[in-house]
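Walk me through this structure. Start with the backbone, then go on to the side chains and the contact between the chains.

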Amino acid sequence: MFNLFLAVFPEIFIINATFILLIHGVVFSTSKKYDYPPLASNVGWLGLLSVLITLLLLAAGAPLLTIAHLFWNNLFRRDNFTYFCQIFLLLSTAGTISMCFDFFDQERFDAFEFIVLILLSTCGMLFMISAYDLIAMYLAIELQSLCFYVIAASKRKSEFSTEAGLKYLILGAFSSGILLFGCSMIYGSTGATHFDQLAKILTGYEITGARSSGIFMGILFIAVGFLFKITAVPFHMWAPDIYEGSPTPVTAFLSIAPKISIFANILRVFIYGSYGATLQQIFFFCSIASMILGALAAMAQTKVKRLLAYSSIGHVGYICIGFSCGTIEGIQSLLIGIFIYALMTMDAFAIVLALRQTRVKYIADLGALAKTNPILAITFSITMFSYAGIPPLAGFCSKFYLFFAALGCGAYFLALVGVVTSVIGCFYYIRLVKRMFFDTPRTWILYEPMDRNKSLLLAMTSFFITLFLLYPSPLFSVTHQMALSLYL
Amino acid sequence: MALSATMVGALLGLGTQMYSNALRKLPYMRHPWEHVVGMGLGAVFANQLVKWDVKLKEDLEVMLDKARAANERRYFGLARCKSD
């Protein structure tokens, strides 16, 4: 029996928690009685608790999930796909928030609004994942994006952060405009915004001869809007500058959380709503271009965050292979790819944040990390080998499954480009390992101990990356269920 | 099965705590009660993961049967109508 209240209670809880934390922050941070305390850590811990409670509510309120339910005037859908994507998103958000606490102390960052905006954007992303209508989807995207524009510029004393926020605002608003234009063209041509209705109208429209330039342009514009948001080539230009300029926890959050929600949206709109040869060609091209650019551009980078930004662009290319296939195996491989990518990225950014304390910005500053902190150097090496796709680590498993899905649907060239760019990518990943173990830095940097949150997060993600291949069954089963529930 | 999951989980939990201490450049067994908590949480996590895996496989079978039945209704039913 579907209980609407239980289904939406996680979202209701997180919205209320966000507003309560905002009021709490405003009241106490401006309180003369308490001597204007900095509340970033305080609100951060409460925010982390809110995310974990939302996760528990989501897990506890799950009905029989082999049946999908539509609610709120059929604007939202709750099924296996929504359920697991939301759980995954909340886990990623919790991981990212837990990385931030030491950053607040080290950088004397006392903007509590940072956590409030992260929670609000998480709420937007939860709605995005369950959106089943173009209007609901767009509103949720805007709720998520507007928060991101602000947190990218949250380090007010840094001109790089302000520049990053401004660039993100302009490009994000532009891509949202294109997305909305596409939605309006689809609505104008079909009279429908609901995904079920769009599926009935648009499925096989290229074959049946029910062609319309409005439908074609609408789908193209929506695809372009989404590709902007996931930083796929050729709409990737904003990503390295914004990832580099934003505060590091923001970069971590931008690299992980929106990709989960936007890929979930892409699957709902395109796999279920409409899938044709044109869309497949667009994603083929973007996947190949992203993999090639991610591999080649990252080789020229000297800064760690920019290298991770280009690496992220390359990984989006690999993940788009799964979408380009258009098969259940392709979708399953996409979901496996996103999950493993998110954990690897959390690991990488936790290490960058740990090193940031010692003012490591350039790749050259990593020299002799193996002598100052050998365990951290080993952890970073494991993460880099996993990014490179070297067995038996988790990154190899995700690429393996993606390439096999591509071979299974006949996309041999896609798989070939994927393999070649993976090999090229090995160069700059292993270059970092070489720097840490065999080079000496320009200036020796004193090691500062990391906090417990980051060390526990690093330990858990490193164990996952290393040991995943021994027991991959739960992830395979859950992603298979998620892929099937898109169709059933 | 439960015993091996418990042992593996406890080992994982212990390993996680020791790894965390090593990353912070502390003695591996500092605050040994944290290792006990880690072992307990690890054992619970591993057991729950195994139970969840079994439930996932059962749910997956239900979904695949539903999909198979829907395909048979659509295509075999169509073939029967045409032959009639």
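**Backbone, side chains and interface**

Pro234(A) sits in the loop between helix 9 (213–229) and helix 10 (238–245) of chain A. Helices (H or I, at least four residues) and strands (E, at least two) are DSSP runs, numbered from the N terminus. The peptide bond from Val233(A) to Pro234(A) is cis, with omega near 5 degrees. A cis bond also joins Pro391(A) and Pro392(A), with omega about 0 degrees. Pro392(A) is in the loop between helix 16 (374–388) and helix 17 of chain A. Tyr36(A) is not a glycine, yet has a positive phi of about 45 degrees. Tyr36(A) lies in the loop between helix 1 (4–29) and helix 2 (40–60) of chain A. Most residues other than glycine have a negative phi, and most peptide bonds are trans.

A word on the model itself. It is predicted: local features need pLDDT of at least 70, side-chain atom pairs count only at pLDDT 80 or more, and totals for chains, interfaces and linings use all residues. Residues are numbered from 1 along each chain as its sequence is written, chains are lettered from A and ligands numbered from 1 in the order in which they are written, and side-chain values use heavy atoms, with hydrogens and water left out.

Next, the aromatic rings. The whole structure holds 31 aromatic pairs over all chains. Rings of Phe, Tyr and Trp (its six-membered ring) pair if their centres lie within 6.5 Å; planes under 30 degrees apart count as stacked, over 60 as edge-to-face and the rest as tilted. Phe339(A) and Phe464(A) are edge-to-face, because their ring centres are 5.6 Å apart and their planes stand at 75 degrees. This pair links distant parts of the chain: Phe339(A) is in helix 14 (residues 328–356) of chain A and Phe464(A) in helix 19 (residues 452–467) of chain A, 125 residues apart. Elsewhere, ring pairs join Trp45(A), Phe101(A), Phe103(A), Phe104(A) and Phe114(A) into a cluster.

Now the charged pairs. There are 16 salt bridges over all chains, each a side-chain nitrogen of Lys or Arg within 4 Å of a carboxyl oxygen of Asp or Glu. One of them pairs Asp79(A) with Arg268(A), the closest N and O atoms being 3.1 Å apart. Asp79(A) lies in the loop between strand 2 (76–78) and helix 3 (80–106) of chain A and Arg268(A) in helix 11 (residues 248–273) of chain A, so the pair ties together parts that are 189 residues apart in sequence.

Where do chain B and chain A meet? The contact (heavy atoms within 4.5 Å) takes 25 residues from chain B and 32 residues from chain A. The two chains bury about 2500 Å² between them, 68% of it on carbon and sulfur atoms. Buried area is the accessible area (1.4 Å probe) that two parts lose on being put together, summed over both. Tyr19(B), Leu23(B) and Met63(B) supply 28% of the area that chain B buries against chain A, more than any other three residues.

The count between chain B and chain A is 1 salt bridge. Glu34(B) and Arg452(A) meet in a salt bridge through their side chains (3.0 Å, N to O). On chain B, the elements giving two or more residues to the side that touches chain A are helix 1 (2–23) and helix 2 (32–83). Helix 2 of chain B gives the most to that side, with 14 residues.
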